[in-house]
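Morning, everyone. Please have the sequence and the model open while I talk.

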Amino acid sequence: MMSRSVPNPDLCASSDLLRIALPNKGALSDASAQLLREAGYRQRTDRKDLTLRDEDNGVEFFYLRPRDIAVYVGEGTLDLGITGRDLLHDSGAPAAEVRGLGFGRSRFRFAGPQTGPRTPAELDGRRIATSYPRLLQEFLTAHSIDARIVELDGAVESSISLGVADAIADVVETGTTLRKAGLSLFGETILESEAIVIQRQDFTGGTIFEHFLQRINGVQVAREYVMLDYDVPEDALDRVIELTPGLESPTISPLSRTGWYAVRAMVGRGLVQSLMDDLWDAGARAIISTELSACRL
C-alpha cells in the first residue's frame with residue numbers, strides 16, 4: 001500500500017514494521033533505491049509517493065529530505081535511515097552510524113580564491129560561507145579559529161564573487177564546480193563523507209534489522225566480487241589455489257577425467273581478467289566468470 005500523505009508518527013510507532021527513512025531526492029536517492037531493490041525490497045515508482053509499506057519484508061520506507069533524516073531518526077520517530085555522514089554530523093541529532101554504504105563519497109573542505117586565505121589559520125577574522133554551520137563551527141572551535149559563519153542553503157560557490165564571504169566550506173566530490181567558480185581547495189579535509197545507515201540510539205534491533213543489514217552487505221559484496229570456475233590438472237592445483245584462495249578457501253571437486261579437478265572461488269571483480277590470464281598460463285582450462293547478484297557471508 002502506498003500513500004501520498006505524510007504519515008502520523010504515532011501510528012508509525014505502533015507498527016511492527018521496521019521504519020526506515022530514505023532520501024526523497026538528490027545524489028543519494030537513486031543510489032539508495034537501487035541498493036534496496038537489489039536487496040529484495042520494494043521501492044516507489046512515483047517520486048510523489050512519501051511512504052511505501054513492504055509488509056512481505058517487514059519494512060516501511062519514508063521518503064524525506066536528506067537533511068531531515070537524521071532528525072527523524074534521532075528523535076526516535078523512525079528506526080533507521082540512509083543519509084550522508086556529513087548531514088548526520090551537521091544535524092547534531094542523537095542518531096548513531098551503523099555502517100557505510102560505499103557510495104555518495106565526498107569530502108568537506110575549505111576553498112577560496114588564490115588571492116584569499118590559503119590556510120585554515122588565515123580564516124581568523126574572515127567570513128566563511130557554508131551549508132553546514134554546525135560541522136564548520138566544530139572545526140573552528142577545535143582549532144581556535146574566530147571566523148564568522150555565513151549560513152547559506154546551497155550554491156555557496158557564488159558567495160565570494162558576490163562579496164558575501166572570503167572563503168567557503170563545502171562538500172566536494174570532483175571539484176569541477178569549484179574550478180568553474182575560480183576557487184581551489186586548501187587546508188585539510190574536515191570530514192570524509194559517504195552514504196551511511198543510521199539508527200536511533202535506543203534501537204534494540206531484531207531479526208528484521210539483522211536481515212536488512214545482511215541483505216545490504218550481500219549486495220555490496222556481490223558488486224565487488226564474481227564467481228570464477230575452471231578446470232585444472234592435478235599438477236597445477238597448488239599454483240592455481242594460490243592465485244584464487246577465495247574468501248575462505250576454494251571449492252575443489254574431482255572430475256570424471258582422471259587427474260583433473262574443478263575449482264570454484266570468489267575473486268575481486270577488478271582482478272578477474274588478469275586472473276583468467278594467469279590461470280590459463282598455469283594450465284587451467286574452461287575458465288568461466290559468473291556475475292553475483294547477492295550473497296550471505
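Start with the largest nonpolar core, which has 24 residues. A nonpolar core is a set of buried Ala, Val, Leu, Ile, Met, Phe, Trp, Tyr and Cys residues joined through side-chain atoms within 4.5 Å. Buried means under 20% relative accessible area, with a 1.4 Å probe and protein chains only. Leu18, Ile20, Phe61, Leu101 and Phe212 touch the most other members. Helix α8 gives the largest share, five residues.

Two notes on the source. This is a predicted model: local features need pLDDT of at least 70, side-chain atom pairs count only at pLDDT 80 or more, and totals for chains, interfaces and linings use all residues. Residues are numbered from 1 along each chain as its sequence is written, and side-chain values use heavy atoms, leaving out hydrogens and water.

Now the helices, which are DSSP runs of H or I, at least four residues; strands are runs of E, at least two, and both are numbered from the N terminus. How do α2 and α8 cross? Their axes come within 9 Å, at roughly 100°. Axes are lines fitted to C-alpha atoms, for helices over the stretch in contact; angles run from 0 to 180 degrees between N-to-C directions. So α2 and α8 are roughly perpendicular (65 to 115 degrees). Phe212 is in this contact too, as one of the α8 residues that meet α2. Contact means heavy atoms within 4.5 Å.

Last, the open sheet. Its five strands run β9-β8-β10-β7-β11, with mixed pairing. Strands pair if DSSP finds at least two bridges between them. β9 and β11 stand at the edges, each with a single partner, so one side of each has no neighbour in the sheet. Six bridges join β7 to β11, and these two run antiparallel.

Definitions and conventions:
Angles under 35 degrees count as roughly parallel, over 145 as roughly antiparallel, 65 to 115 as roughly perpendicular and the rest as oblique. Buried means under 20% relative accessible area, exposed over 50%, partly exposed in between (1.4 Å probe, protein chains only).
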